[in-house]
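Please follow the structure below from its charged side-chain pairs to its sheet and then to one of its helices.

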Amino acid sequence: MSNLQNKRVLLGITGGIAAYKSADLVRRLKDQGADVRVVMTSGAQSFVTPLTFQAVSGNRVHTDLLNPNAEAGMGHIELARWTDVVLIAPASANFIARLSHGMADDLLTAICLATVAPLAIAPAMNQQMWQASATKENCQKLAERDVLQFGPGSGEQACGDIGLGRMLEPLEIVESLSGVFQTRELQGLKVLITAGPTREAMDPVRYITNHSSGKMGYAVAQAAVEAGAEVTLVSGPVAIQAPSGVTKLDIVSAKDLSDVVMQEVETHDIFISAAAVADYYCPAIADQKIKKSGDEMTLILKKTQDVLADVAALTKPPFTVGFAAETEKLAEHAKVKLKRKSLNMIAANRVDDPELGFHSDDNALHVFWQGGEQELSRNSKQKLASELITLVAHRYKLKIDNNNE
Ligand code: PMT
């Protein structure tokens, strides 16, 4: 099964006996690494309590459209922006009807109207209600609006009837949902990605490093896997889990990173350098712990190999994408790096704002290539990584098409 790691899932629960299965669904989604927020309609609360879902999701459950306690009194907009996907399971006949008519008279329908995230429903109802032409027309209308439909399944129903209308089992829903994030943009391609910091040793107990958490590079690796690529992730020391499906190679210093990348790169089609690589290292690492002596200390540092520039300078370079971490003159500095290092693309980000860049869950990117640029506005690192991969895939294909002409 492909993973939903770090995906933000808004689970809508509507009124139906299958609502009890949604508690297990939350658990299964969380097993896949998803962050789950639950929204319940009033009908759903007649079958199961919000407390159950608060306990299994680990998050407050949302029930009211007009809730003065929600941020800025706009809970539905906040949630609509937050989520990567809206999944409604179970989706009752009544909810499907309200959704198909564009109603916004409760929190869940309002979120569905306010979001740009993909919408998926897992219908659950009596088999006769499922066969009713009104329900069929409503589902047809939703399909025309690209609302995905998972199930229903067939079998014995809570009311004693037998037929189509059962909600799919939680694991089947999770499997279908992970498919939402799969694209074929990089199908058949091999992508080499670097992430995280490097550590440059001074002596056996000290090193020079930076604030990189690896989150941006790992998100890019996950987006590349979702795009169908075979991904090798070269990672500095970080505290986060690698996306499933990648081959991870651990490094510590800039020299290690250079050795591994130069060894691997020839077999890859695309190279994306998101690691925060040290620009200088200590050429003479002390054998023993350096003892405290005078008031001042001088450390001799030497320039590291610029791995990104080395890759771009190969006789047959892959499609090469750099990052630029800047505290000022973002566009100006990024464009200089793009040209000086002969890159195909560079993604520039600010690292002087505590809410963006290093360590944060969000970022904002300004991407440049020769003769073009695109701003990817503030978003979660996962969403930005997907947008970046779409852009990389597009420009890679243009390059290949031009080379073949
Ligand atoms: O890991 P996070 O906490 O999520 O933070 C993400 C990030 C801010 C680290 C990431 O988005 C980012 O900007 N990575 C690049 C950091 C960096 O080293 O930028 P730079 O402008 O100093 O270097 C430019 C490019 O050259 C980068 O692609 C870098 O990987 C590469 N480089 C730099 C030095 C060197 N010796 N070799 C290199 O390959």
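In this predicted model, a search of the whole structure finds 20 salt bridges. One of them joins the side chains of lysine 7 and glutamate 226, with an N to O distance of 3.1 Å. The two partners come from distant parts of the chain, 219 residues apart: lysine 7 belongs to the segment before β1 (8-13), and glutamate 226 to helix α10 (residues 215-226). Lysine 7 counts as buried because its relative accessibility is 4%; glutamate 226, at 6%, likewise counts as buried.

Helix α10 takes part in another such link. Lysine 215 forms a salt bridge with aspartate 361, and their closest N and O atoms are 2.9 Å apart. Since lysine 215 lies in α10 and aspartate 361 in the loop between β17 and β18, the pair ties together parts that are 146 residues apart in sequence. Here lysine 215 is partly exposed, with a relative accessible area of 24%, and aspartate 361 is partly exposed at 46%.

Aspartate 362 meets arginine 8 in a salt bridge of 4.0 Å, N to O. This pair links strand β18, which holds aspartate 362, to strand β1, which holds arginine 8, across 354 residues. Arginine 8 has a relative accessibility of 19% and therefore counts as buried, the cut-off being under 20%. Arg8 and Asp362 also belong to a network of salt bridges that includes Glu355 and Arg378.

Eight strands form an open sheet of mixed pairing, in the order β12-β11-β8-β13-β16-β17-β18-β19. Its edge strands, β12 (246-250) and β19 (372-380), each pair on one side only. On average, neighbouring strands are turned by 15 degrees against each other, direction ignored. Within the sheet, β8 (residues 190-195) and β13 (residues 270-273) run parallel and are joined by four bridges; leucine 192 has phenylalanine 271 of β13 as its bridge partner. Helix α14 (residues 381-404) lies across β13, β16, β17, β18 and β19, and runs at about 160 degrees to β19.

A further helix is α8 (residues 133-144). At 1.5 Å a residue, its twelve residues should span 16 Å, and the end C-alpha atoms are 16 Å apart, which agrees. Thr135, Asn138, Cys139 and Leu142 are the buried residues of α8. They lie on the same side of α8 because they cover an arc of only 95 degrees around the axis. These buried residues pack against α5 (93-100), β4 (119-123), α7 (127-131) and β5 (148-149), whereas the face turned away from the buried side carries the exposed residues Ser133, Lys136, Glu137 and Glu144.

Note on methods: Residues are numbered from 1 along each chain as its sequence is written. This is a predicted model: local features need pLDDT of at least 70, side-chain atom pairs count only at pLDDT 80 or more; totals for chains, interfaces and linings use all residues. Side-chain values use heavy atoms; hydrogens and water are left out. Helices (H or I, at least four residues) and strands (E, at least two) are DSSP runs, numbered from the N terminus. The expected span of a helix is 1.5 Å times one less than its number of residues. Buried means under 20% relative accessible area, exposed over 50%, partly exposed in between (1.4 Å probe, protein chains only). The arc is that of the directions from the helix axis to the C-beta atoms. Contact means heavy atoms within 4.5 Å. Two strands pair if DSSP finds at least two bridges between them. Axes are lines fitted to C-alpha atoms, for helices over the stretch in contact, and angles run from 0 to 180 degrees between N-to-C directions.
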